[in-house]
Structures are given as C-alpha cells and as structure tokens.
Amino acid sequence: MNHRRTTQHNNSLPTGYTNNRRARSRDNLLMYDDFGEENCCPGHCLGHSSSERQLMARLTAVKRRQALRGPAYMFSAPSTGPSEVEQRFLEAAEYGNIPEVRRMLLHMPNLNVNAVDYMGQNALQLAVANEHLEVTELLLGRAELARVGDALLLAISKGYVRITEALLGHPSFRDAHRLTASPAQADMLDDFYAYDEDGTRFSHDVTPVILAAHCQEYEIVHNLLGKGARIDPPHDYFCCCDSCNYQQQFDSFSHSRSRINAYRGLASPAYLSLSNEDPVLAALELSNELAMLANIEKEFKNDYCRLSSQCKDYVVGLLDLCRSTEEVEAILSGETDSDDNYEPPGRPSLTRLKLAIKYELKKFVAHPNCQQQLLSIWYESLPGLRQQTTAVKLLVVLGVAIGLPGLALAYWIAPCSRVGKVMRSPFMKFVAHASSFTIFLGLLVLNAADRFAGTTLLPNMTHQQHIGRLQVNPGPEPDPLLLFRMTTTPFTWMEILIISWVIGMIWAEVKEIWSQGPGEYLVEPWNFLDFGMLAIFLASFSCRFSALKHARLAQTYIHTHYTQHTTLINITLPPEIHYFTVARIYWLPSDPQLVSEGLYAIAVVLSFSRIAYILPANESFGPLQISLGRTVKDILKFMVIFILVFVAFMIGMFNLYSYYLGAKQNDAFTTLEESFKTLFWAIFGLSEVRSVVINNGHKFIENIGYVLYGVYNVTMVIVLLNMLIAMINSSFQEIEDDADVEWKFARAKLWFSYFEEGRTLPVPFNLVPSPKTVLGLATSTKAVVLHCLVGHGVSTDGAQLNQLGESKSSGYGTSTSATRYQKIMKRLIKRYIIKAQTDKESDEITEGELKEIKQDISSLRYELLEEKSQNMETLEGLLRRLGDINSSS
C-alpha cells in the first residue's frame, strides 16, 4: 500500500512535510484519483503513484498555495492579515459598493484580489454570499482570481441563479472536469478551491451538481447538466477496488459521508427529474438500493431510510400529477403505445407497478390513481358488475361456483369466444379459483362426515367383529379371506377427488415456478404455505399408497396359498401376514397408515389456513389478515428469546432433579422429556408446585428448585408473555393507523396475481390440456425443430424477438413508443418542477431574504452616492466654465 511506502521514505522527505495521517491520506488520494475511475471497479484497478518526484511536486504546490493565501489571520500571526487597502476592497465587495470596486480594480493593477478577511473569505466569496451580481462580474474579469470553485458552491447553496450563470461563464469551467470533480479530486496545483479547510464551508467530496441537487435548485441543476456535469454513483458497498480499500483504510468516516452525499444528490427530485430519461424507473431502483444499504450500513440507517422514502415520495408525487388514463398507464407500465405489445388488447403491461409491489412502495400502489387503474383492469369484460351492490356480486359468485364445470368446459372448447374472454378476466379467474378452493375445503369436511357422531369401528375391533356387532340383514357374504387392512387402506371416492384437487394444485404451482422463476417464487410467503401444504398432502398419500400396496401383497399371498372355503380364523398365518388382520390398537407406531393419517390432519389445518390468502379482497377482513401476518412475524422474533430462556431452565431443572427419579411425588424434571412438558404447560398454569418437592429431606435441593421454578414463572408469564402482547399490540396499532394503505397494497398484490396471462382454468380442470395449451406446445416444438434444422439464423431472430420483448417491458419498445412515453414524462416533469417551485415561493419570508433586501438597499445606496458624486463633479465643472465665461466677458 502507498502509505507503507510513505512511512519507509519518511526520513528523505523535505522539511515542513507533515506527518498528519489525514493530510497524507488526502494528498495520496488526490494522486491516486488522477488515474480516473474507469480503472477502479472492473477488477483491474491501478495502484496510485508514489514516486519521489510526484510527491515533491505536490508538497511544493501545497507550500506555494499556502504562501499565496495563508490561513485566516484571526487564527495566525497578525502580520498575515490584509492591508488597509485590501480591507477597504473587501468591505466594498461585501457591501456591494460597485463604484469603489470598479475604481480600485482599474486604478490599482497590483491589488491583491485574493486577499481574505478574518474568516478566510476573499472578495469573490463575499460578493457572492451577499448576492452582488455586478461586483461578481467585475471580479471575474481578473485573470488571477482564486477560489472560483468555492464561490460557485456558495452561489449554488444560496440559490443565486444569475450569479451561478456568471460564474459558469468563467474560463476555468471550459474544462468539463471542473464540474465533475470534487475539491478532493481536483488538481491541487491551482487555487480553484480552498483546500485547507479555512476558506471553504463545504465538504471536499461535494461537487457543484451534488450541491445543487441537495439544495433542490432545478434551474441550476439544469444548467450544470447542460454543461456535462453528472453525479457518479458510488461503488458497491462491498467493492474491493484499490480506491475503495484505500479510502476505507485511511478515513472510513469521510468515505461513508462521501457515499451519503452522492446518494443524497442522486435521490434528489431535481436530479431525478432532469437527468433521467425514465425518472420513475430510476427512482424505484434507487429506493430499493437505498433500502438495502440501510440494512447493511446500520450506523447510517436513518439517513438511507430517509433518502429511500424521498425517492418513493417523488414517484408518488409524479403519479399525483397525472390528468388522464394515458399518463397513469405511462407511469405504471413505462410505455403507452400498445400497438405491437404482446399483452392482451386493452390491458397494459404494468411493469413499473410490478417493480413497485416488489420493492413495497405502498403509498404508490395505494394511490387513488393507481387503484382506479387496477380496478378497471380487475373488472375487465365485466364493466357493469363494478357498480353493482355486494348482494349482486355474491349472487354472481354463487352462480360461478355452481356452474364452474360448465364454464370450464366452455372455455376448454372455445377459449376465444365471449365466454372465454369473460373467463380470462381477472375477477372471473379469482372467483373461479376461490370457488374451486372452497369446494376442496368442502371435500375435506365431507371426507370425515361418517365420523361426525363417532366411529362405529372401535380401535379394538376388526371388520368381522364390526359386522357381527351391527347385526346386518342377510346379504351377500363377505369374503372370508378378506384381510382387515384391505377394508381400511383403499381410497374412497371422496379421497380420490381430494387427490385430484391436490394434483391439480401441484401442477398449478409447477407452472407458476416455471413462469416466475424460483427466485421470484420464493419471495412470496404464501408460496411457502402452499409448498408445505402440498408436500404434506403428497407425503400422506404416498404413505397411504405404501400401506395399500403392502396390504394387497398380503391379500394376494392369502388367495394364493389358501382355498376359498376356509376362514382366517382357522388359519395360522405368518407373523408378517397376520399383522394385517389385527385391530388398530395393535398396529406399530410407525405404521404407514398411521403416519398418513397424522400428516393428513396437518395438511387439513394448513388447507383451511390457506383461505386467509383471499381475505385482502374484502375491506373488513383485509386489515385483520395483515395484522395476523405481522403478529406471526412478531412471534417468530419473540421465539428466539423464548427458546433461550426455556432451554436454560429446562436443562437447569433437569440437572437438579435427574438424580431423584422415583424419589419425587411425580416424575417432573426427572427426564428431559418430563422437564420439557412441565415447563411448557407451566406457561398456561397447568403445572403444580409440588413438581419440585422431594420425598426425602434434601431441603437444599428442594429450595433451589422452588427458587428456579418461581423465577421461571415470573420470567415467562409476567415478563416475556406481556412483552409479546405489547409487541402484537404495537404491530396491530401500526397497521390500524395506516389501515387503508396497508389494505389497498395487499389487495393490489392479490389482484396482480390474477392479471398475468394464463392459469385461467381452476383446479382440477387445469389437468385436462386445452386446445390453447396444445397449440402452444405445438408452436414451441416447431420452434425447437426449426432451431435445430436452420441453426444460427433462427437463433438470431429469436434473440431479436427476446430483445424486443425486454425493451418493451423496460419502457422502451419501438421508437414511436419511446418517443410517446418520453413526451408524457416530459409533461409530468414540467408539472412537478412548476409545483415544486410554487411551493418554494409560497413559503414565508425568512431572515435570509430580509438580509438580501438589506444588501440590495445597501448596494443601491452606494450607486446613488456614486451618481451624486458624479453629478456634483459635473455641476462643479459647469460652474467653473460659467465663471471662466463671465470673467472673460
């Protein structure tokens, strides 16, 4: 590293070289930045030069600059202060005495225009600070003028547009690098900036365009962008290039602050509006990047969160200024011309809205303009239903549920008919899928209907005992060789229907994973519930199939080795075959049928909890469902502390009482299992105090047990459980305070899942391939065959088609679409800027504005005095000439 080389050559450095670490860091950094940023990130970064000649040149330049300017004289020896003439010159520049400044510049060619006052400010900075445009223009005429860059930053911070334009006309700004480089990156061989921290009030990492963006000066930002100024995005936080490593090592705080300043400029509405062709996309991406940085750089979390919210508010502000459906679609979709769009006719792509939902821009998604657009798409092909009452909508839902098989058949036969178009509308798709899932839940209920009043086949009975107990009427004789397990393992027709629904849901999930990709699929929490529910159903049915297979093999063995005239009672069967004839209470705990029934019960519970997915469609139940989801998150966070405390007391009580097995009034805490049970049920008050009592006289152990058990109850019941209640109450109140936004955002996510093309037929009708699916499969097969036969030519066309699709999805399709979109965005940006300037002008008069008025009056006073002086001189000349004429006559 460069700093190690500097340490090695410390003895050879010239006198006056400071060993201050920050000064060396800045000098070395400036030398390093001369290589440019293009050599930084891609992984082939160039190291900074540390030759003796360059270092000596830098140090000589620093000495020369300090000798020319010097620090503010109030912090140094009095001999370095300005002379009387320089002091008068500084005062004239500060108070706007234009005649005096002009006279001194004309008649004093050796005047030091770079002299500084007691605060280290030269005449140009004083004139700019007090908004004296004429004085600034006079000073800019001097070639040796210094600190033009500091004056420009000062004018930008004050919002002085005319002075900024005058400063930008200075010859120094002919080099575009002046506007893109910060004081920390500029060449230190000139006096463009005050590098010594005495004459500047801005951070060394702030460029003119960054400062203009910070101050929300739209006109100044526009002027700077027109001259080629740009804000370079900071490198990735985990960037390992030489520049980032060097800055992080020598001054990590300055490095972090420079990143925040750059992001403040990038997130400024002024910069977003004027520097991006697609400001909506730029704001969405930047808000997500800042949100991720807030989770990475915890020490600056509040700053990054504030900037992320600023980007979100900017997008909401643009959406709020829309005046037509066309403009709303432009913001939500990124494009407006749908002539060549691959989306269904009349339905926008909504690519920007997808991004907003992904990045959780809740205010943007819940905005009335966005919700109105979503609502019109939701009732597509059913415009009249939107104005109907809730009762009418419920009747429609009931009719769709009853006629679902017929509607599915009609869509299967004619997907492009009127019925097919109605079935493809998002509302009908939602109703069809909800009705299908409701039927599935009904099947789960009816599957256990024969046991609602209690089962007639007791656990200790077989089918033959059951038949004899029922005393049924004489009828067909049952097979005397029928095994008992052959009456319990086969699937009923109700269970076959349930299996068909499960297979249909599995196929739907597979298609969703294929269309979205595994990454997008795993982002949605509901998909984890679907995956778990279907996996448990699949495991349950697999175990049931395994039990049925073994039972059939045993039944085949019986029919093969024994005649039809014998009964199982008179037969001595092998143990492995005899197992299939015994009652339920004699089955092994690991029996596949028992495992299947246990997994089936869990899957049923998950199936009924899945109905919460459609609750956001209702305004009353939506906020409750959101609060429930937030409560689950709170419980998961709480479980970390809960498990730590629970395990600590469980192990401690077990170690205390594990030696007293059989010597206590009960078996509590004597085994690890009993310790778990006792402490768990103690949370609900179902454990007894005598659980810690020992029968013999070991009072010390017993007292320790009393203390630990008491501390456990106080910690768990009084402290932790009340803390959990407080967390749940806080989350519920947070949702309740912003219930409308939360509900509309959740409803938009639900609606959006039905906006995608496909998945029209609900479960289990999706298992039957439709003509549309067959046609799509044939088209794909044809494309693959042509690709294999033709080769490169077809692949090129396909690549062009994919590129066109990607460009349209990103908001830039054909040239016509891009031009139209840019025109709409230009209109919105103009409205946004006008509104921002109007809001700024409507603010109350501040003390700074009053000071500016006083400065203008003072400047006018000097001008009037100068004009009076000139008039008096003219009058005296006239009087002299008049006297000469009289004397001559």
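The count of salt bridges comes to 29. A salt bridge here is a side-chain nitrogen of Lys or Arg within 4 Å of a carboxyl oxygen of Asp or Glu. Side chains of opposite charge can pair when their charged atoms come close.

This is a predicted model: local features need pLDDT of at least 70, side-chain atom pairs count only at pLDDT 80 or more, and totals for chains, interfaces and linings use all residues. Residues are numbered from 1 along each chain as its sequence is written, and side-chain values use heavy atoms, with hydrogens and water left out.

| Pair | N to O distance |
|---|---|
| Lys 354 and Glu 756 | 3.6 Å |
| Glu 524 and Lys 749 | 3.8 Å |
| Lys 637 and Asp 634 | 3.8 Å |

Take the salt bridge of Lys 354 and Glu 756. Lys 354 lies in helix α19 (residues 351-358) and Glu 756 in the loop between α35 (739-752) and α36 (771-790), so the pair ties together parts that are 402 residues apart in sequence. Helices are DSSP runs of H or I with at least four residues, numbered from the N terminus. Lys 354 is partly exposed, at 32% relative accessibility. Glu 756 is also partly exposed, at 38%. Buried means under 20% relative accessible area, exposed means over 50%, and partly exposed lies in between (1.4 Å probe, protein chains only).

Next comes the salt bridge of Glu 524 and Lys 749. Glu 524 sits in the loop between α28 (518-523) and α29 (525-561), while Lys 749 belongs to helix α35, so this pair joins parts 225 residues apart in sequence. Glu 524 is partly exposed at 24%. Lys 749 is partly exposed at 30%.

Lys 637 and Asp 634 form a salt bridge within one helix. They are three residues apart in α32, so about one helical turn separates them. Lys 637 is exposed, with a relative accessible area of 54%. Asp 634 is buried, at 5%.

Salt bridges can also link up: Arg 88, Glu 100 and Arg 103 form a network.

Helix α32 (residues 621-657) also holds Ser 627. Ser 627 is buried, with a relative accessible area of 6%. Leaving aside neighbours within four places in sequence, Ser 627 is in contact (heavy atoms within 4.5 Å) with Phe 732 and Ile 735.

Now move to helix α18 (residues 325-333). Its buried residues include Glu 327, Val 328 and Ala 330. Ile 331, Leu 332 and Ser 333 are buried too. Just after α18, Gly 334 takes a positive phi of about 80°.

Arg 347 is in the loop between α18 and α19. Arg 347 is buried, with a relative accessible area of 7%. Its C-alpha atom is 9.8 Å from that of Glu 329, which is 18 residues away along the chain. Beyond neighbours within four places in sequence, the contacts of Arg 347 include Ile 377, Glu 380, Arg 424 and Phe 755.

Finally, the surface. Glu 134, Glu 137, Glu 863 and Glu 867 gather in a patch of negative charge. Patch residues have over 30% relative accessible area and no salt bridge, and like charges are joined within 9 Å. Helices α7 (133-139) and α39 (847-888) each supply at least two residues of this patch. Glu 137, in α7, is partly exposed, with a relative accessible area of 44%.

Key: Patches are made of residues with over 30% relative accessible area and no salt bridge: like charges are joined within 9 Å, nonpolar side chains (Val, Leu, Ile, Met, Phe, Trp, Tyr) within 5 Å. Accessible areas come from the Shrake-Rupley method with a 1.4 Å probe; for residues, only the protein chains shown count as cover. Lys and Arg count as positive and Asp and Glu as negative; His and the chain ends are not counted. The place of a charge is taken as NZ of Lys, CZ of Arg, CG of Asp or CD of Glu.
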